[in-house]
Structure formats: C-alpha cells, structure tokens
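Hi,

Here is the structure I said I would pass on.

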Amino acid sequence: MRTLVDRRRFNLLLGAGVAAGALGTRMPRARAANKITVLNWQGYGTDEAWALKLFAEQTGIEVVHDYFNSEQEMFTKLRTNPGAYDVALINSAWTSRIAEEGLLDPIDFNTVPNSADLDPLLRDSSNFAFDGKPYGVAWVWGMNGLGVRKDKAAGAQSLEVLWSPEAVGRVALYDDAITEVGIAALLFGESINDPKDMKAIVEKLKAMKPNVKLIWSSEDQWNKAFSAGEFDYSIYWSGAAGRSQKTFKLPVEFIVPTEGAIGWLDGLSVPASAPNKAEALSFINYMIDPKFYVQWATEVGAPASANAKAMEELPADDPQKLIHKTEYLKNLQFMSPMPDERRQAFVDAWEEVKAFYAS
Amino acid sequence: MSEPQSGAPARRGLSPGAVTAALVTPAYLWLTVAIFLPLVAMLVFSFLTAAPFGNRAVEFTGAHYLVFYNRPYLVEVALRSLALGAWTTGICALIGLPAALALSRAFRGRTREVLFFLVILPFWTNGLVRVFSWTMVLRENGILDDIVRAFWADAPSIGILYSYPAIVVGLVHAYLPYMILTCYLSVVAIDDEILEAARSLGARAPVVFGKIVLPLAAPGLIAGSVLIFVPVIGSFMEPRILGGTAGVTIGTVIEDQFTQAFNWPLGSALSFIMLAVVLVVFAVFSRALRGRLTLS
C-alpha cells in the first residue's frame with residue numbers, strides 16, 4: 001500500500017501549519033502618550049472600528065486592545081501586568097473584589113460628564129462600591145429571565161410555569177450554576193447571591209426533572225433548538241432574546257417574572273497602574289455617550305445601555321428597548337461578588353441537579 | 001590498514017546507542033515539555049487548596065481526593081462515563097473490524113486508497129463542526145426525519161437528539177477511524193495462505209473468523225480500544241451538545257470545575273482519580289486478555 005500522505009501533501013500541511021502559526025503571533029506594541037490600551041472581551045463594543053475612528057478624530061487618542069476569555073483571566077491580567085491597561089471592562093460582580101486588592105482607581109464622576117445621564121440605580125450600584133467610593137462606570141446591563149414561545153406561553157407571569165404540568169418535556173435551562181441556583185432563590189424570595197437553604201434549592205430544581213428537555217450553553221444552541229420546536233419555556237438572556245426576535249424572527253417573548261429576574265451589569269474601570277488616566281476617562285465618557293450607543297445597538301447589536309438617555313434615543317420598535325424597560329431595574333437582583341467557597345457551593349448544587357436529571 | 005575509500009566514515013564515530021539517543025531525544029524532550037510538565041503541575045495543583053495564581057495564599061491538602069465521598073452523586077456520573085466508554089468502544093469494534101477486513105481483503109489499489117481517504121476524512125474536519133452537523137441530522141424534524149418522511153409521509157419522528165444514544169452516535173463517529181486503522185494494520189498482515197489452509201482443512205467461515213482472524217486481529221482491537229476508551233471517558237463536547245439533560249459525564253463535571261467554579265485543584269483531582277480508574281480497568285482487562293490469548 002502506498003503511504004497515504006506523500007511528501008507533497010505533507011509539505012502542504014506543514015506550510016498551512018506554519019502560516020496559521022504566523023497569523024497567530026502578535027506584533028509587540030509600541031506605546032505612545034496618545035494611545036490607550038483597553039482590556040475587554042473581543043467584539044464587545046469598545047473595539048468597533050468605526051467608533052475608534054470617530055474617537056481618534058475627536059480626541060487624537062488611538063485605542064488598542066488586549067482581550068480576555070474569562071473573568072478569571074481578566075483578573076489575572078490586571079494583577080500580573082501593571083501599567084499595561086488604561087481601561088478595563090469588569091463585570092460588576094468582580095469590581096469591588098478587584099478594587100479591594102488596590103488594582104483600580106476610584107472614579108470621580110465630574111471627569112466623566114455623560115455619567116450624569118446614567119440610571120442612578122445602575123450608576124450607584126453597590127457592586128461598584130468599595131470603601132464608600134465607586135470604582136467603575138456602569139456601561140451595559142442585561143437580565144436572565146423567562147424566554148417563552150409566544151403562542152404557547154404568552155403572558156406567563158411566574159417562574160412556577162417552569163414546574164407546571166403543561167411544561168413537561170418543554171423546558172430549556174441555562175447551563176450556569178449562578179443563574180439556575182439564582183432562579184430557585186428568586187422563587188423562594190431569597191437573595192440570589194447568598195441563598196440561605198441550598199438543600200431546598202437543590203430539591204426544588206430536582207423537582208423540575210420531568211419538564212427539562214435540554215440544558216443550553218450557547219445562544220446559537222438556544223436559537224437552533226427553539227426554531228426546531230424542541231422547547232417552549234426557557235431561562236434566557238434578555239439581550240439574546242432581542243437578537244432572536246430581530247435577527248432570526250423567532251416568536252420568543254422575554255418575561256421578567258413576578259419573583260424578579262437576575263441582573264448583570266458591566267462597568268468600565270481605570271486600573272490604578274494606568275499610564276494615561278485622563279485619556280482613559282475620556283474614552284469611558286465616549287463609551288457611555290448616547291450617540292455611540294445608538295449606532296452600536298442599531299447597526300451592530302448591543303446589550304441595554306446603562307445610560308437612560310441612550311435607551312430613550314433608540315427607535316420605538318427596537319426589541320432591546322422593548323425588553324429592557326427601566327422600570328424592571330427595581331425588580332432585578334444583580335449578580336454580586338461572592339467568596340470562592342460560596343461559588344463552589346453553587347457549582348456543586350447545580351452539578352448535583354444535573355447528575356439527577358441525567359440519571 | 002588504510003582508510004576505506006567510500007562507505008560511511010561518519011557512521012563509524014557514532015555508537016548505535018548514541019544514534020538511538022539522537023533519534024529519540026527530540027520526541028522525549030517534546031513530550032517532557034508539552035505533556036509531562038503540565039501534568040506534574042496539575043498533579044501538584046490537585047493537592048492545593050486553590051490554584052496558585054495572583055497573591056492568594058494556598059496550602060497543601062488531600063481533601064480534593066475525597067471528592068467522590070463528599071459528593072456521592074458523582075459516583076453515578078463516573079459509572080455512566082465508563083458505560084459510555086464501553087458502549088462507544090464496543091460499537092466502534094463491531095463496525096471497525098469488519099470495515100478493516102473488507103478494506104484489506106476486498107479492495108485493491110485506487111479503490112482502497114479512496115476508501116481509506118473517506119475513513120480519514122472526518123479527522124480533517126473540526127470536531128465541533130462534526131458534532132453540530134449531527135445536531136441537524138438527529139433533531140426532531142431534522143434531516144433524518146426528512147429522509148424517512150420522503151418515503152413514509154406520516155412516519156413518527158425518530159429524532160434522538162438530546163439523549164444518551166445521540167451522544168454515542170457522535171462519539172462513535174469521532175473515534176471510529178482509530179479502530180479501523182489499528183484493526184487494518186493487524187488484519188492486513190494476516191497471510192492469505194493461512195486462511196486458505198484453514199479452508200482446505202474444512203473450516204467454515206465462522207470458524208476461520210473465530211480461530212484465526214479474531215486472535216490475529218486482537219492486537220489491533222486492543223490498541224484501538226485503548227485509543228478510544230480513554231478519551232471517551234473524559235469527553236465533554238459531544239455530551240454537552242448532543243446529550244441534552246443526559247449529557248452529564250465526568251468530563252463535563254471536570255470542565256465545570258475549571259470554567260464555572262475556577263476550582264482547578266478539584267478539577268485536577270477528579271482527572272487523576274479517573275486516570276487511576278482507567279489504569280485499573282486496563283490492568284484487569286490486560287490480565288484477562290493475556291490469559292485468553294495464551295490459551296488459544
């Protein structure tokens with residue numbers, strides 16, 4: 001038998017590998033005074049090319065990026081690369097923990113004029129506070145709540161619908177311990193960040209077994225399964241629900257249940273070691289500017305802005321505007337910092353529930 | 001004595017031992033850096049209270065190795081993972097050995113090359129793409145249902161997405177090439193004359209298969225099984241995407257420890273416990289197999 005990969009083909013493969021490797025390596029960056037470095041998820045607003053061009057024209061400040069793939073990685077980068085970043089996107093559930101280690105600068109809202117339009121509930125969130133001072137500027141927010149099929153479950157009010165007999169085999173849950181434990185905590189009227197009785201929560205979630213059809217972990221998976229009619233009731237992301245309606249024309253309705261929903265809030269912070277603090281604050285000010293947000297939300301797609309004025313300026317029929325009503329904010333419990341042991345307890349509880357579903 | 005005019009003067013200076021060392025050093029250096037060192041780091045992590053990143057204080061502890069005692073539900077998860085490994089390996093063997101036999105006996109030349117190419121083709125596609133394409137085939141009202149309904153309009157759905165069998169289908173697809181290739185190497189070496197001798201002595205096909213082909217193919221079957229069983233036990237992508245609520249394996253539990261709980265030590269400890277379990281399984285099997293093989 002002749003060898004399957006002859007030398008010509010081998011060289012081709014080798015060449016492809018080398019090319020891929022070369023593309024993957026990044027050039028080292030030179031730093032200049034009018035250049036700032038932003039640490040964020042990739043493709044999350046701050047790196048929109050059109051926006052950076054506009055910002056550079058207005059201020060002469062060039063913006064470059066470094067990315068992280070998990071909040072843990074972001075934390076590690078801030079710890080181990082002092083002086084490398086001027087702006088960091090931080091989920092508010094982490095802000096006070098990072099501030100506690102002395103890695104962030106407190107924010108003086110006078111230096112960020114657009115912060116006057118921020119919704120006070122979000123701007124003054126206790127998640128940003130450490131030692132009485134704010135360490136982040138509220139940027140965008142969203143909710144994890146009920147996403148249901150319009151013709152099957154429109155008008156559902158309570159989270160109890162997930163346990164109801166009409167939802168047998170028709171429920172999709174989000175594979176996230178913090179969210180699912182939080183859902184049961186909301187039902188019991190407890191704090192989503194520190195529920196008192198984890199045993200009761202595990203039992204309640206286990207009781208949903210006959211109803212649970214699948215456990216989704218990506219927006220794409222949710223969309224495909226929903227459009228194939230695999231489920232009618234789900235725990236879903238508010239921003240994704242808007243995209244499912246707008247982009248995929250799916251008949252999904254996002255509901256903030258009477259028990260409340262789980263909120264998340266992302267903020268922009270300035271590391272204590274940032275070399276260009278004034279430029280960083282001017283970039284943050286631009287990021288919460290309604291002009292930037294409306295273009296980002298309508299042309300690209302974005303979560304809800306923390307800037308109340310920016311939300312008002314969205315077109316009246318914008319799905320994100322219809323879903324993220326400001327009056328919901330007071331019904332939300334926001335994900336907050338938690339110690340490692342408690343996070344482990346959440347994951348253990350959810351793991352036990354999933355093992356029960358699988359058995 | 002004069003120097004030889006031609007030949008290999010350079011070879012004379014190197015002892016066979018040095019040549020061997022020069023040949024294996026790059027491979028073992030690479031294995032040390034890429035596999036052994038990270039594995040040792042993980043082993044150390046598994047005895048720490050927290051992953052030693054940043055300026056957190058960490059201490060040594062053996063508590064993570066009591067994970068199955070402290071979380072009894074994981075025993076069932078581990079057993080399900082072992083069963084998943086057994087199902088996948090078994091089905092791969094049932095499909096792979098006949099395929100290898102057919103490839104080595106029934107086809108020659110260009111046809112065989114094309115068929116081989118088709119076996120290896122899945123290796124060259126991204127694993128995630130393969131799994132997602134299965135979701136389209138297996139779901140209710142998916143491609144499989146469409147095909148059936150083209151012949152029988154009112155056929156009930158045979159979509160099995162989000163179930164245990166769906167995971168097995170995805171895993172068999174992913175790992176079947178290993179079994180075909182290892183079995184092929186074994187059966188292609190079987191001398192035709194042995195089979196002819198058996199037939200001329202009156203052995204029917206089942207007897208030839210049981211007494212000659214199977215024992216001679218055993219090394220390939222065993223090698224393929226080892227290559228398949230181990231990664232299947234730790235698989236997490238196929239169970240997550242194809243399994244729905246059934247998609248909980250020790251692999252997904254370990255993944256969650258790393259990505260959701262940020263508890264690297266616990267995830268590492270779980271991995272090393274499973275490694276020990278796998279080694280025990282193989283030790284038991286290899287002893288049983290060795291006994292059988294020497295008998296025959």
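**Around Asp232 of chain A**

A:Asp232 has a relative accessibility of 3%, so it counts as buried. Bear in mind as you read that this is a predicted model.

What does A:Asp232 do with its side chain? It meets the side chain of A:Arg149 in a salt bridge, at 2.7 Å from N to O. A:Asp232 sits in the loop between helix H9 (219-227) and S9 of chain A, while A:Arg149 belongs to strand S6 of chain A, so the pair ties together parts that are 83 residues apart in sequence. Both A:Asp232 and A:Arg149 are buried.

A:Asp232 also forms a salt bridge with A:Lys152, at 3.5 Å from N to O. This pair too links distant parts of the chain: A:Lys152 is in helix H6 (residues 150-153) of chain A, and A:Asp232 in the H9-S9 loop, 80 residues apart.

**Strand S6 of chain A**

Now to the strand that carries A:Arg149.

- With S9(A) (residues 233-237), the pairing is antiparallel over five bridges, and A:Gly145 faces A:Tyr236.
- With S10(A) (residues 252-255), there are four bridges, again antiparallel; A:Val252 is the bridge partner of A:Arg149.
- With S12(A) (residues 304-305), two bridges make an antiparallel pair, with A:Val140 opposite A:Ser305.

**Other salt bridges**

Over all chains the count comes to 28 salt bridges. One of them joins A:Arg342 to A:Asp194, with the closest N and O atoms 3.4 Å apart. A:Arg342 lies in helix H15 (residues 340-358) of chain A and A:Asp194 in the loop between helix H7 (177-187) and helix H8 (198-206) of chain A, so this pair links distant parts of the chain, 148 residues apart. A:Arg342 is partly exposed at 25% relative accessibility, and A:Asp194 is partly exposed at 42%.

Salt bridges with shared partners also join A:Asp175, A:Glu351, A:Lys354, B:Arg240, B:Glu255 and B:Asp256 into one network.

**Confidence in chain B**

Chain B has a mean pLDDT of 88, with 93% of its residues at 70 or more. Where is confidence lowest in chain B? That is helix H1 (residues 9-12), at a mean of 54, whereas helix H4 (residues 73-105) is highest, at 95. Where pLDDT is low, the predicted coordinates should not be read in detail.

Cheers

Note on methods:
Residues numbered from 1 in each chain as written. Chains lettered and ligands numbered in written order. Heavy atoms only, no water. pLDDT = per-residue confidence, 0-100. Pairing = 2+ DSSP bridges. Salt bridge = Lys/Arg side-chain N within 4 Å of Asp/Glu carboxyl O. Buried < 20%, exposed > 50% of the residue type's maximum accessible area, 1.4 Å probe, protein only.
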